[in-house]
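Have the sequence and the 3D view ready as you read.

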Amino acid sequence: MWPSYFTTTEQEEEAMQLLRHRHQQLEVMEPKQIKEGYLVKKGTVLNSWKVVWVVLSDDGLEIFKRKADSASKGMIPLKGAVLTSPCQDFSKKTLVFKLSTTKNQDHFFQATHMEERESWVKDIKRAITCLQGGIKFARKSTRRSIRLPETINLSELYILMRDQEDGVKEQKLEKEKRVYNHCFTGGTVVDWLISKDKARNRPEALMLATGLLNEGFLQPAGDMSKEGVEGGAVSTVLDEPNALYYFADSGFFCEGYSSDEDVIVKEEFRGNIIKQGCLLKQGHRRKNWKVRKFILRNDPAYIHYYDPTKGDEYPLGSIHLRGSVITAVEFVPDAKRYDVDGNLFEIITSDETHYFLQAATSEERKEWIKAIHTVSKTGK
């Protein structure tokens, strides 16, 4: 027989079960933080778009004016909400998704690049599903396209297509006196899908390609492909040599026959995109800090920064990284108190211009420093 101190009475067992039950209730009541980061949000009263810090928990989206703020501007409940992505309400904003609440309020958010949008959409949809089922949040792949078979995951397919070695090859193509950089034809996409056993024939491949286009992974370039999208045909991706498309987060740009000076400026954008996302940047004149979208390219070695509320057509500035020094720093001269909360790093260019940036997390700072350092050593 076991010693008496290994046994419990029925009353003790009941008390332990009650404590476990209360502990579980507390876990359910306490919101679990799932994701956080910068997004561009459309104002609910005004039509202006502003950068905000968003925190996703298992029951709602909390909106902050700045990452360092302790008090939020508001909370969007997820219970009964409906998420729409891609959102077609804004023709010039291809990375927008819409969150509609049970009170018939529509909230519009815009990501800086495709992977970022897909990550947010996937987690928010999963959080809504878990709320409806009364279960704890746990990530798992969700179905994104109702037109395609359940076995097809467009996000995974897109990643395969973007593979540098084995994916769809981006080209420089000339059509109707214009040069399209980092693009490909609809026929190229169809051929790739068949060659990789993703489709049995051209009609199936066209259906897959159309799904990628409808979800925003592919974008039309040129008059023929744009007319195909606007025409509303069943298969909007055209299997034609003159129908051009590009990856939504590629280095695509179009140019006509222009002066030599324009070509020199556009040379900065010819490199492949290595990394992109939002960072805080200190201004050179007023020393104030603003959220900017950064796009890092490798050949030539440039990082361009943009106002994330605007398009990517006109950058606010660029940093030539060849020969630059990139280091983590603990403080920034003339920085305002609410901006200095860690994860800072500095870029010193070959002409000794200093740029101070701030990442959202220590891990993100490491990733940016590593990527910029590599490009500064290998790019032209």
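Helices (H or I, at least four residues) and strands (E, at least two) are taken from DSSP runs and numbered from the N terminus. The model is a predicted one, where local features need pLDDT of at least 70 and side-chain atom pairs count only at pLDDT 80 or more, while totals for chains, interfaces and linings use all residues. Residues are numbered from 1 along each chain as its sequence is written, and side-chain values use heavy atoms, with hydrogens and water left out.

**Overview**

The protein chain holds eight helices and 19 strands. Of its 380 residues, 45% are buried, where buried means under 20% relative accessible area, exposed over 50%, and partly exposed in between (1.4 Å probe, protein chains only). Contact here means heavy atoms within 4.5 Å. Among contacts between residues at least 6 apart in sequence, 51% join residues at least 24 apart.

Strands of a sheet pair through backbone hydrogen bonds, either parallel or antiparallel. In this model two strands count as paired if DSSP finds at least two bridges between them.

Gly37 sits in strand S1 and is buried, with a relative accessible area of 9%. Leaving aside neighbours within four places in sequence, Gly37 touches Val52, Trp53, Val54 and Trp120. Its C-alpha atom is separated by 8.9 Å from that of Leu56, 19 residues apart along the chain.

Does its length fit, or what should its 17 residues span? At 1.5 Å a residue, H8 (residues 362–378) should span 24 Å, and its end C-alpha atoms are 25 Å apart, which agrees; the expected span is 1.5 Å times one less than the number of residues. The buried residues of H8 are Arg365, Trp368, Ile369, Ala371, Ile372, Val375 and Ser376. They pack against strand S13 (273–282), strand S14 (289–298), strand S15 (301–306), strand S17 (325–329) and strand S18 (344–348).

| Strands | Bridges | Facing residues |
|---|---|---|
| S1 (residues 33–42) and S7 (residues 106–110) | Two bridges | Lys41 and Phe109 |
| S13 and S14 | Nine bridges | Gln276 and Ile295 |
| S10 (residues 218–221) and S11 (residues 244–247) | Four bridges | Gln219 and Tyr246 |

In a regular strand the side chains alternate between the two faces of the sheet. Along S10, Leu218 and Pro220 point one way and Gln219 and Ala221 the other way, and all are buried.

**The second largest pocket**

A pocket is found on a 1 Å grid over the protein atoms alone: an open set of points where a 1.4 Å probe fits, with protein on both sides within 12 Å along at least five of seven lines, and lining residues have an atom within 4 Å of a point. The second largest pocket holds about 910 Å³ of space, a volume being the space filled by probe spheres set on the points, which are joined across faces, edges and corners. Its lining has 39 residues, of which Lys50, Val51, Val52, Lys65 and Lys73 lie nearest the centre. S1, S2, S4 and S14 each supply at least two lining residues, and S2 gives the most, with five residues.
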